[in-house]
Amino acid sequence: MGIAGDIAVVVVAAFAGGWLAQRLGQPLILGYIMAGIAIGPYTGGVTLSDPQQIEHLAEIGVALLLFALGLEFSLRELVAVGRVALLGTPLQVALAALLGFAIGRLLGWPGPAAAWLGGAAALSSTLVVLKVLAASGETDTRPGRIMIGMLIMQDLLAVPMLILLPRLGDLAGGAAALGVVALRGVVLVALLVFVGGRFIPRLMAQIGRWQSRELFLVAVTAIGLGVAYGTWRAGLSFAFGAFLAGLVIGESVYSHQALGDILP
């Protein structure tokens, strides 16, 4: 059945993993991860016919989760926690990357392989951390907000990592490519904040006056995923773009309705 069969396998496996995690008193996300490992291509048994298609669907899911998070955030809150995130995240990433690199070298790995290990160790999974914060009820606390700000910063820092790590032998070329991506990102974010911040709330108000909940949901989803696709095309994170779109809609009077529609 192709992707339809794969989705059925994923949902059944996720339910089984989540049920087991709940019985053992563990976070549901741990059960989901174990279920994914069980049906992955490296464990034998029941596997997916096209794991890459499921990965693409998972990216959409993460983007919608970050979009909903952006709706709950406000620009004022982001600026407040941003001061801590801007200083703390680069320090955390640098220290974790150096530790991972040192471990790789101690294991006898060559420099590039150890650098990749350091890069992997430096970044957290946004989805996993958000699920853990939500399960413990700490999403709206100040430490939780600071952690979310650091996750967003990590998503941004992942971009230069993925550009520079494959070009360790040609850092000049990597720096040039990074400069192009950075310029695109700045232009895109500026357009979204200054232009989208004026146009999108007016669009939402127009759609709200038509009182069509179906069209409202389609519009909200289109804005979130459309902006995410635009940031991805510019070389930034797909999920980061969705978060930015959520921030912009969150400044409108329809933010609560948008959040209520998109969360399920």
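Walk along the sequence and the pattern reads α-α-α-α-α-α-α-α-α-α-α. This is a predicted model, and the confidence values deserve a look before the details. The mean pLDDT of the chain comes out at 84, with 95% of the residues reaching 70 or more. Helix α1, covering residues 3-23, has the highest confidence, at a mean of 92. At the other end of the scale sits helix α8, residues 171-209, where confidence is lowest, at a mean of 77.

As for overall dimensions, the radius of gyration of the chain is 20 Å, which agrees with the value near 18 Å that a compact globule of 264 residues would have. Taken along the principal axes, the box filled by the C-alpha atoms is roughly 65 × 45 × 35 Å. Of the 264 residues, 36% count as buried. The chain exposes about 15,100 Å², and carbon and sulfur atoms supply 70% of that area. On the contact side, take the pairs between residues at least 6 apart in sequence: 66% of these contacts join residues at least 24 apart.

Leaving aside residues up to four places away in sequence, D6 touches L48, S49, D50 and I54. I7 also has its place in helix α1, but its relative accessibility is 37%, and I7 therefore counts as partly exposed. With residues up to four places away again left out, the contacts of I7 are I54 and L57.

Some loop positions round out the picture. G25 is found in the loop between α1 and α2, the latter spanning residues 28-38. At 63% relative accessible area, G25 is exposed. Between G25 and M153, which are 128 residues apart along the chain, the C-alpha separation is 31 Å.

T141 sits in the loop that runs between α6 (126-135) and α7 (142-164). Its relative accessibility is 30%, so T141 counts as partly exposed. T141 and G196 are 55 residues apart in sequence, with 29 Å between their C-alpha atoms.

Then there is Q211, which has its place in the loop between α8 and α9 (213-233). The backbone here is worth a glance: phi of Q211 is near 55°, a positive value in a residue other than glycine. Q211 has a relative accessibility of 76% and so counts as exposed.

Conventions. Residues are numbered from 1 along each chain as its sequence is written. This is a predicted model: local features need pLDDT of at least 70, side-chain atom pairs count only at pLDDT 80 or more; totals for chains, interfaces and linings use all residues. Side-chain values use heavy atoms; hydrogens and water are left out. Helices (H or I, at least four residues) and strands (E, at least two) are DSSP runs, numbered from the N terminus. The radius of gyration is taken over C-alpha atoms; the globule rule is 2.2 Å times the number of residues to the power 0.38. Buried means under 20% relative accessible area, exposed over 50%, partly exposed in between (1.4 Å probe, protein chains only). Contact means heavy atoms within 4.5 Å. Accessible areas come from the Shrake-Rupley method with a 1.4 Å probe; for residues, only the protein chains shown count as cover. pLDDT is the predictor's confidence in each residue, from 0 to 100.
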